Amino acid sequence: MAGELDALAWPLERAGDAMEALARAARLPLPNPLPALSHVVPGDPRLVDSWLDAGAQALGLELQPHYTRHGEVERVLRRAAPAIVEVTSAHGKAVIALLRLSSSGETARIIAPDETVHDVPFSTLSAASRARVEHLQGPVAERILERAGLPEPQRLLARRALLGAQLTNTYLFAARTLRLPPGARMLHHLRALRAGQRLLLLLLLTTIIQVCVLSSWWLVGRGAFEGRLDTGWLWAWALMGLTAVPLQAVLAWSQGSLAMELSALLRRQLLSGALALPVDEARRGGIGQYVGKTFESAGMEQLVLTGGFASLLAVVDVLLATSVMVTGPAGWYGLVALVGFCFMLGVLVVRQASRFRAWTDARVSMTHALIERMLGHRTRLAQEQPEKWHEAEDQELAHYAEASERLDAATARVSALAKRGLLPVVIIATLPAVLEGASTARIAVGVGAALLAARAVGSLSIGALSLSGARVLYRGVRPILEAARRSGSTSTGGPASLPSPEASPPKTHALLEVRDLVFKHAGAPRAVLEGASLSVRAGERVLLEGPSGSGKSTFASIVTGLRGQGSGLMLLGGLDMATWTQDGWGAQIASAPQFHENHVVSGSLALNLLLGRAWPPTPEDLNSARILCEELGLGELLGRMPSGLMQLVGERGWQLSHGEQSRVFVARALLQRARVVVLDEAFGALDPVTMRKVMTCVEARASTLIVIAHP
């Protein structure tokens, strides 16, 4: 690494301090009090990523990794700031705190360990990031260049081209963007986006534009009605109109950029919340309900952004038009007319919201029923009489059509009244002043204010309708957003250093210990688990048996961290889940849930086997997966597949049998390299010969094993 960059690198053990300094310099909100960050780097290189993530979580932030090819490092670094970039310095592994790039993109602003900001060439930073993998082929390239005898300028370009060709399929973590987690408070997200300042800019631009519009009306009125329509007045009017054009362009660009960032934030929160939904809550809803919620989330996003900006800018126009109207020829009559008209529109908007709610309920109900019937189509063909297949569908369609008709009729009335109703009312309020002989300039400005108010009220009504519709759709999306907020509140504030999995407890102590565990499903009259306790030492094999409904699978989901534990004590290596953090706990306990709760993802077989590892996989990962598949009796399957481990499986690819899927689930758990493996009824679909082969492999591979089965 270049000497100028070496002096700006933070030692890896100070990565937490680098993130803290970077967050302050980038003006990122720090939701949590600054903790005493740990400087102990895990000895296992595989845990460094988790250690860095834990440091960001301790600050109430998160790291977004950018895992990319060697040849795409520059492109990724240009859009990663503020970010932590891993490099290799003269003293070992280190990180660079990248604050931002210059407007030209040729200079990178970097925070040094003394928290001063320095500018370095961007090419130097990208070269240092690529150098972490270039040492693999560097000596080979140097020998080739030595034989070629190229001069230095051409030699540098040739070396880069050679390394790029040799490392084209080599992946590395180019950078880790430091940002707020999706579940952080909305106020912190808005501060990070500087939404307040940007909204003030929008309001200022809108005000200036409308002042230009009203001024042009004043100039036209004074020039036309008073006989002063000379060249100077025309130039002044043209100048006012031309001034509004670039301001409108800046307003549209500012509004669009803020809307896109808010849209991306909302989508991140929805995705995070969908992944963080509690298991029981996710299982209560059918797939049709979740498809309906997906539609609702997309609709809510559009309505919130459209209605929010339209209402905000329309309020400015209404206030400006009102102030001009009061001082103009309409006077207080115009104000009374405007207030009364807005009140009447408000009543119609409230009634419209109730119709939109009824229409949404009918649409979501029909979507849910349609998808559920599609999933159960074969069962209906076999068990339901043909003449009854469409009775429910016809009723649902009729109900939906009726709700749509009422909604469309009401929407047409509100839109027509909002766009055309105010202007004649305000002009009538202006007539008394006109009859009394008001000046032509005042009349012109009054007409301009009336036109501005009519347009503003129309935009305000559209915005109000959109916001009321978004409020209706929020009912369905609310559980997902609340799950995202809960995940954000539980993931922050954790330790900045993960406990070391290498530090196993003494053999006389339990590796996994559960004491007096109590769990009850929401709304259930009695607990599924009550006073459950278990102690498992390292290397033990434990068999849990019990009848259906006895709580075996619930116990397994709690132990693996998929479900909240209710009350009781649960320790892994002597530490609870809060100390490990949920991600750290999950990395130590791998499981293969029951068949109906496990899934083959539509993708390659390798992707399904290596879900818990980095992707794309390394050759070592693929080799480990291939060897394990052969030990589990899947070697014949791999031989039949044209692409081997890269063969597409699932809905769009190769169809696996029930037994083959079961062995894929077992292999997926074993490949996690976890300290404890939990297999929940994983052998029910296997014949006796295959089952013995799988059990032999599991006993040899699993460090500590818990098997759940029926008696």
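1. Let's start with a term: two strands pair if DSSP finds at least two bridges between them. Helices (H or I, at least four residues) and strands (E, at least two) are themselves DSSP runs, numbered from the N terminus. What you're looking at is a predicted model, where local features need pLDDT of at least 70, side-chain atom pairs count only at pLDDT 80 or more, and totals for chains, interfaces and linings use all residues. Residues are numbered from 1 along each chain as its sequence is written, and side-chain values use heavy atoms, with hydrogens and water left out.

2. Now the whole chain. There are 25 helices and 16 strands in it. Of its 711 residues, 45% are buried (under 20% relative accessible area, with a 1.4 Å probe and protein chains only). Take the contacts (heavy atoms within 4.5 Å) in the chain with a separation of 6 or more: residues 24 or more positions apart account for 75% of them.

3. Next, have a look at the open sheet. Its four strands run in the order E10-E16-E15-E12, and the pairing is parallel. At the edges sit E10 (541-545) and E12 (589-592), each pairing on one side only. From one strand to the next, the twist averages 15 degrees.

4. Zoom in on one pair of that sheet. E10 and E16 (residues 704-709) are joined in the parallel sense over five bridges. Here Glu 545 stands opposite Ala 709 in E16.

5. How are H24 and H25 oriented relative to each other? H24 (residues 658-670) and H25 (residues 688-701) pack at an angle of about 5 degrees, with their axes 11 Å apart (axes are lines fitted to C-alpha atoms, for helices over the stretch in contact, and angles run from 0 to 180 degrees between N-to-C directions). The two helices are therefore roughly parallel (angles under 35 degrees count as that). H24 brings Arg 663, Val 666 and Leu 670 to the contact, while H25 brings Thr 690, Val 694, Cys 697, Val 698 and Arg 701.

6. Twelve of its 13 residues are buried, so H24 is largely enclosed by the rest of the structure. Among the buried ones are Gly 659, Phe 665 and Ala 669. The buried residues of H24 pack against E12, H21 (605-609), H22 (619-631), H23 (635-640), E15 (676-680) and H25.

Notes:
Angles under 35 degrees count as roughly parallel, over 145 as roughly antiparallel, 65 to 115 as roughly perpendicular and the rest as oblique. Buried means under 20% relative accessible area, exposed over 50%, partly exposed in between (1.4 Å probe, protein chains only).
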